Protein chains: 2
Amino acid sequence: MKTLNLDLGLRSYPIHIGAGILQNSELLTAHIKGSRVAVVTNDTIAPLYLDAVLRLLNKHNPLSIILPDGEKYKNLEYLNHIFSDLLGARCDRQTTLIALGGGVIGDMTGFAAACYMRGVPFIQIPTTLLAQVDSSVGGKTGVNHPLGKNMIGAFYQPQCVLIDTNTLKTLPDRELSAGIAEVVKYGLIRDSDFFAWLETNMEGLLARDSSIVTEAIYQSCKHKAEVVAEDERETGARALLNLGHTFGHAIETGMGYGVWLHGEAVATGMVMAADLSRRMGFLSDNDCWRIETLIKKARLPVRAPKKLSGMQMRELMSVDKKATAGKINLVLLEALGKAVVTSKFSDADLSATLEAMRE
Amino acid sequence: MKTLNLDLGLRSYPIHIGAGILQNSELLTAHIKGSRVAVVTNDTIAPLYLDAVLRLLNKHNPLSIILPDGEKYKNLEYLNHIFSDLLGARCDRQTTLIALGGGVIGDMTGFAAACYMRGVPFIQIPTTLLAQVDSSVGGKTGVNHPLGKNMIGAFYQPQCVLIDTNTLKTLPDRELSAGIAEVVKYGLIRDSDFFAWLETNMEGLLARDSSIVTEAIYQSCKHKAEVVAEDERETGARALLNLGHTFGHAIETGMGYGVWLHGEAVATGMVMAADLSRRMGFLSDNDCWRIETLIKKARLPVRAPKKLSGMQMRELMSVDKKATAGKINLVLLEALGKAVVTSKFSDADLSATLEAMRE
């Protein structure tokens, strides 16, 4: 087992990574203070892992809350189902919520914990690669709104993050690839060596080779923890983690939540950001080729859907949370391994990218 | 104009109290950083004060969001209307929300600010006595759930609180009395001299005598600010501010939100808490008589509704946020001017109070 610490003063917490962590009750119960716990999961994950987690919690009178699986349920209505279940079971302010599932479950459970009785503790047990390398670490929680993704939420940190790499054995191929998109992102924005390592090890990652998977998760969480420790509330450096996300959110919103997986949309978004960076003279043709090649190798899409016009994409991008006073801010690449947030791109370059990078 | 400061380190803020503050644009605009503002109010307050506030904000491209008036709209559905309006108008992360109205508007706007794009600044302009002396100060925000009042929310502090005592001129008598309930509370829990001052000045307060009203608001905010500075997140002393609230919330929930005003329910709740305190030997018969007399003089109810049985009241009280592991915690009075949180009351005494203090 490997352990990282996310350093946030009083709100610091450990991230444990390893195979079989869900058999170790100590790791989980060490972070539960009150007498009650509620495990929030979905109907795909529940048959696979819920019993194992409940067994670890048998002294804590665990309540189970099972939501339907899917991004389209990540909204205020289903958040309210969590509140109804907690209130119906008389869960008090000392109740610890446990998020068992992917990014949707983690974001919703974290936000429910932030709001339930104005804040109860919570623990992340991410079961998808995407959640393990990105959304479970750093305290961004929330739900979607029909007019924009993740528009309603809170910065709210968990008590700990438990990443059992064994859970990846049951992950569908498509979701594994979606998670790899965020792994590639860390290489692109902060670590060209890690990018090169991924070029060498992509087959092993796709084959779920245990040591390669663990290393990829560890490196990703290390990068994420460093960035979040520096800028918890995204007033600066943390925004760099959104490489590809403004393009990606536009695709997700435009297609309807859940049609494209988040990681798929981010993958295409990163290719689009690279293309715009090339048009601005930051990246070489060869850099863009390496990026697109690695993302393709990860079995991820590299072009926006034909169904969305460049105009529609631009309109959807303007409601992004990073937009200020109507101006779109984008994360672009100054070099492979170095990102920047900027609004200093020309309209013509953005239009060219939006047109050229469609199916 | 009088100014208090709520001391919370980086989250400190001023509370300005005086007649005609809403004519002073400087006080308001000094706390607006971004280019956009959105004023959230209701359809009772909008015709009275919205134009005046929008005039102060003409450089800030103000958006108005007008909700229907009433506690029954203090829920996730109407919170979502605020989000829809903000997103529809492309309000970004630098938008300042302004709560113009009573406690419902303040709680909802504050919670919307806490959650919109994971947090934007907000300003409180309370227009009811209840909001001016209690809910606008201290950062408790939230909405109700069918299973309990204020169950969903956040601790989220405003940038400032602007209390224009002129707004009380249009306040209905019933709501003035409801606000006085919270004023009386500060005397009961922390300041027997203030309680005695209220016994002398209740007629003046009900007659809306300007200097008496200002003094009552100032003393109330001073007490509130001291308690919140000591215990922002209610892990200790702040809970004392909930005198009468566990009984009161049970009445409000049991009758359906909005049938009893919050202040009316708290008034009866304080009489019930005093009665239980007397049964435990804390208060004298004379103390209870003074409390009930002052609350009656403020034209407030002193008995729970006949419609709710003692059993129903107890059931509703057990979902209170202060309950831990199923045990009801209550704020009781050790003396007039001194409160305590305790679960050490007998079931028999609680039952006796619940039966005796019904209509």
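**A leucine and its surroundings**

Let's start with B:Leu188, which lies in helix α6 (residues 173–190) of chain B. Helices (H or I, at least four residues) and strands (E, at least two) are DSSP runs, and they are numbered from the N terminus. Before going further, please keep in mind that this is a predicted model, in which local features need pLDDT of at least 70, side-chain atom pairs count only at pLDDT 80 or more, and totals for chains, interfaces and linings use all residues. Residues are numbered from 1 along each chain as its sequence is written, while chains are lettered from A and ligands numbered from 1 in the order in which they are written.

Is B:Leu188 buried or exposed? B:Leu188 is buried, because 28 other C-beta atoms lie within 10 Å. The rule is that a residue is buried with 20 or more other C-beta atoms within 10 Å of its own, exposed with 12 or fewer, and partly exposed in between; the C-beta atoms are placed from the backbone. Leaving out residues up to four places away in sequence, B:Leu188 touches B:Phe195, B:Leu243, B:Met270, B:Ile291, B:Leu333 and B:Leu336. Here a contact means that two C-beta atoms, placed from the backbone, lie within 7 Å. Take B:Leu332 as another landmark: B:Leu188 and B:Leu332 are 144 residues apart in sequence, but 9.9 Å apart in space from C-alpha to C-alpha.

Now let's move to strand β6 (residues 122–126) of chain B. Five of its five residues are buried, so β6(B) is largely enclosed by the rest of the structure. In a regular strand the side chains alternate between the two faces of the sheet. On one side of β6(B) are B:Phe122, B:Gln124 and B:Pro126, on the other are B:Ile123 and B:Ile125, and all of these are buried. β6(B) pairs in the parallel sense with strand β5 (residues 96–101) of chain B, over five bridges; two strands count as paired when DSSP finds at least two bridges between them. Within this pair, B:Ile98 stands opposite B:Ile123. The chain gets from β5(B) to β6(B) through helix α4 (residues 103–115) of chain B, in a right-handed β-α-β crossover. Right-handed means that, with the strands pointing away from the viewer, the path from the first strand over the helix to the second runs clockwise.

Let's look at chain A next. Its strand β5 (residues 96–101) is mostly covered, with six of its six residues buried. Four bridges join β5(A) to strand β3 (residues 37–42) of chain A in a parallel arrangement, with A:Val39 opposite A:Ile98. β5(A) is also joined in parallel to strand β6 (residues 122–126) of chain A, by five bridges, and there A:Ala99 faces A:Gln124. The crossover from β5(A) through α4(A) to β6(A) is right-handed.

Another buried residue is A:Ile163, which has 31 C-beta neighbours inside 10 Å and sits in strand β9 (residues 161–164) of chain A. Among the residues that A:Ile163 touches, beyond four places away in sequence, are A:Ile15, A:Pro126 and A:Ile217.

How is chain A divided? Chain A has domain 1 (2–170) and domain 2 (173–356), with bounds from an automatic or database domain assignment. Their centres, taken over C-alpha atoms, are 25 Å apart. In chain A, 30 residues of domain 1 are in contact with 30 residues of domain 2. On the domain 1 side, α5(A) gives the most, with five residues. That side divides into 14 nonpolar, nine polar and seven charged residues. For these classes, Ala, Val, Leu, Ile, Met, Phe, Trp, Tyr, Cys and Pro count as nonpolar, Asp, Glu, Lys and Arg as charged, and the others, Gly among them, as polar.

Finally, how do the two chains meet? The contact takes 33 residues from chain A and 33 residues from chain B. On chain A, α3 (76–88), α4 (103–115), β7 (140–145) and β8 (148–155) each supply at least two residues. The copies meet through the same surface, because 100% of the interface residues of chain A are also interface residues in chain B. A rotation of 180° with 0.0 Å of shift along its axis superposes chain A on chain B, with RMSD 0.0 Å. The two copies are therefore related as by a two-fold rotation axis. The C-alpha of chain A nearest this axis belongs to A:Leu76, 3.7 Å away. The superposition is by least squares on the C-alpha atoms of residues with pLDDT of at least 70 in both copies.
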